[in-house]
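Please keep the structure open while reading.

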Amino acid sequence: MKNLPASGRLSPLDIINTRVRKLPPYVLKSLQAEVKVNQNESPFDFPAELKEAVFQRMRSLSWSRYPEFFPQKLIRRISERYGWKEEGILVGNGSNEIIMALFLISLDRGKRLLLSQPTFPLYKLIGGILGAAVVDAPLTGELEFDVERMLHICRTEHIDVVVLCSPNNPTGCQLSEDGLRRLLEVHQGLFILDEAYSEFAPVNMFPLLKEFPNLVITRTFSKAAGMAGLRLGFCLGEPVLIEQAGKAKLPYSVNTFSLTAAEVLLDAYHRLEDNIRLLVAERGRVLQALREIPAIQPYDSKANFIFFRVKASAGEIFQKLLAQNILVRDVSRYPLLRDGLRVSIGRPEENDRFLVALREICSL
Ligand code: PMP
């Protein structure tokens, strides 16, 4: 073997791709707090009677059998709910798995992935692991999508895949329908629109699926649907694309329990609607309250969280909130967000606790 070190043995790290070793991992410290508003989860648990219905179905199912290869019952319900053909739906272990599958079938060494920054860090990580060159298009100074800049990049550089998160994590901005349409008119490669937070947003991009066969929209049950612990996501797109993406997803990656829970939930989806309405109203209330704190600059959001800048050090404010049992997300290491924190919208009393604590911290 060539290039062996003097010891005659490779170290474990020597056997890993250099480009992978250079990438920062996507990790989150396991911190807990009474007010946990750091992961954009739903503050409302899965309704108790629906849990009961899931347990009942699970009792009658055989746990020794694999789940269905194509989870047809769930796919049918998703198809009915979102008005999209069954063959154009792929279900996975969280939308993360779906995004990874879409990257696996379209990216490779030398391919170019366009994304907007700051955004969900996983895109850059998986794109980088696959050896793709990641092209960043920064948000505008107001932290809105810079459509003109992305159009310019798509027209003047070779781009294989575009992935945009809208509403964007962690800033909350949403791409306009007109902006998305203009980008799709120019970019003919795979276009992934990650809509993990779309239930909280006013604009629905589904109509564009019919017009642009290169568009794939990913969704999740982890946020508005309150099923983060069960790991379920899906995407909608042209059946030919979905069939290819299915090759890159592990078989049976969604277990019977999660499939059953999602079926039960989709049959009672109206149970979520009040929660979503309440979170949207609370988002408006928290935003207004943050605007009234002089040392805080919050940004409008179309998701179930708010990004805000602080005058002091973001790390210090994070720690002071944590000392009061309030866990927000420190996003100050993201590009352009040096002084930033993100807070998920919780139940009204949790939001109040957060606001009272932040006001007090900022007045010291
Ligand atoms: N996309 C975005 C933008 C997210 O913020 C997240 C979760 N933080 C995901 C995808 C992944 O969600 P899931 O739980 O469905 O894998």
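## Exposure and the model

Buried means under 20% relative accessible area, exposed means over 50%, and partly exposed lies in between. The model is predicted.

## Backbone: positive phi

Two residues other than glycine stand out here. Leu336 has a positive phi, near 70 degrees. Leu336 sits in the loop between strand 12 and strand 13. Is Leu336 buried, exposed or partly exposed? Its relative accessible area is 45%, so Leu336 is partly exposed.

Tyr252 also has a positive phi, about 60 degrees, and is not a glycine. Its loop runs between helix 9 (239–247) and helix 10 (256–267). Tyr252 counts as partly exposed because its relative accessibility is 32%.

## Backbone: cis peptide bonds

Which residue does a cis peptide bond join to Pro167? The partner is Ser166, and omega is about -5 degrees. Pro167 is in the loop between strand 5 (161–165) and helix 7 (177–186).

A cis peptide bond also joins Asn169 and Pro170. Here omega is about 15 degrees. Pro170, too, is found in the loop between strand 5 and helix 7.

## Cysteines

How many disulfides does a search of the whole structure find? The count is 0. A disulfide is a covalent bond between the sulfur atoms of two cysteines. The cut-off used for such a pair of sulfur atoms is within 2.5 Å.

Take Cys173. Cys173 is buried, at a relative accessible area of 4%. Cys235 is in no disulfide either. For Cys235, the nearest cysteine sulfur is again that of Cys165, 15 Å away. Cys235 is buried, with a relative accessible area of 0%.

## Helix 4 against helix 5

Helix 4 spans residues 94–106, and helix 5 spans residues 122–129. They pack at an angle of about 35 degrees. Their axes are 10 Å apart. The crossing of helix 4 past helix 5 is right-handed.

Which residues of helix 4 meet helix 5? They are Asn96, Ile99, Met100 and Phe103. On the helix 5 side, the contact is made by Leu122, Tyr123, Ile126 and Gly127. By class, the residues of this contact comprise 6 nonpolar, 2 polar and no charged.

An open sheet is built from 4 strands in the order 9-10-13-12. The pairing is antiparallel. Its edges are strand 9 (296–298) and strand 12 (329–330), each pairing on one side only.

Strand 12 pairs with strand 13 (residues 340–344) in the antiparallel sense, over 2 bridges. What is the bridge partner of Arg329 in strand 13? That partner is Arg342. Helix 11 (residues 270–291) packs on the sheet. Helix 11 touches strand 9 and strand 10 (305–310). The direction of helix 11 makes about 10 degrees with that of strand 10.

Methods: Residues numbered from 1 in each chain as written. Predicted model: local features only at pLDDT ≥ 70, side-chain atom pairs only at ≥ 80, totals over all residues. Heavy atoms only, no water. Buried < 20%, exposed > 50% of the residue type's maximum accessible area, 1.4 Å probe, protein only. Axes fitted to C-alpha atoms, helices over the stretch in contact; angles between N-to-C directions. Left-handed = near helix turned anticlockwise from the far one by under 90°. Contact = heavy atoms within 4.5 Å. Nonpolar A, V, L, I, M, F, W, Y, C, P; charged D, E, K, R; others polar. Pairing = 2+ DSSP bridges.
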